Amino acid sequence: CGSEDTKADHDHHDHHDSTLPDDFDDSTEQSTESGIVVSYSTDPEALTESEEFSVIITHSGGVITEVDATMPSHGGHGMNVSPDLDDDGEGTVIANPFQFHMPGHWELFVQLENDEGAIETVRFDMACCD
């Protein structure tokens, strides 16, 4: 979100860029290259800026190894929190806490290890906040 020279004086609230890119895709389900279906929902469903929420991920195979979010229009900076993963061993993982501290376009990344041991990543567009 700017050069190192300006970081000390940088206030994220000075540039509320809440516009979404033309190719924004609000789908909540995707497949990996190997065919694993990954979907997500949030709890609560409606996101509020700077309020913590959970991301619930379901997947048809493999093991979820990481879940994170970044803001691509601001140099790809991430969240101010690091979510923990709670895997029920039956295809559902809850990642918590998540917190979008700025409005606008965010990207949710779900990384998993497929059944052959290869790492795959799916990316979802998300918008914060109404």
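This is a predicted model: local features need pLDDT of at least 70, side-chain atom pairs count only at pLDDT 80 or more; totals for chains, interfaces and linings use all residues.
A disulfide is a covalent bond between the sulfur atoms of two cysteines. The structure holds one disulfide, and the link of Cys128 and Cys129 is left-handed, with -70° about the S-S bond.

## The largest pocket

The largest pocket has a volume of about 310 Å³. Its lining is made up of 14 residues, of which Tyr40, Glu45, Leu47, Met126 and Ala127 are the closest to the centre of the pocket.

Two strands, strand 2 (37–43) and strand 9 (119–128), each supply at least two residues of this lining. Sorted by class, the lining of the largest pocket consists of seven nonpolar, four charged and three polar residues.

Pro21 belongs to the loop that runs between helix 1 (4–7) and strand 1 (29–31). With a relative accessible area of 28%, Pro21 is partly exposed, since that term covers values between the 20% limit for buried and the 50% limit for exposed.

Although Pro21 and His105 are 84 residues apart along the chain, their C-alpha atoms are separated by 7.6 Å.

Key. Residues are numbered from 1 along each chain as its sequence is written. Side-chain values use heavy atoms; hydrogens and water are left out. A disulfide is a pair of cysteine sulfur atoms within 2.5 Å. On a 1 Å grid over the protein atoms alone, a cavity is a set of points where a 1.4 Å probe fits but cannot get out, and a pocket is an open set with protein on both sides within 12 Å along at least five of seven lines; lining residues have an atom within 4 Å of a point. Grid points are joined across faces, edges and corners, and a volume is the space filled by probe spheres set on the points. Helices (H or I, at least four residues) and strands (E, at least two) are DSSP runs, numbered from the N terminus. Ala, Val, Leu, Ile, Met, Phe, Trp, Tyr, Cys and Pro count as nonpolar, Asp, Glu, Lys and Arg as charged, and the others, Gly among them, as polar. Buried means under 20% relative accessible area, exposed over 50%, partly exposed in between (1.4 Å probe, protein chains only).
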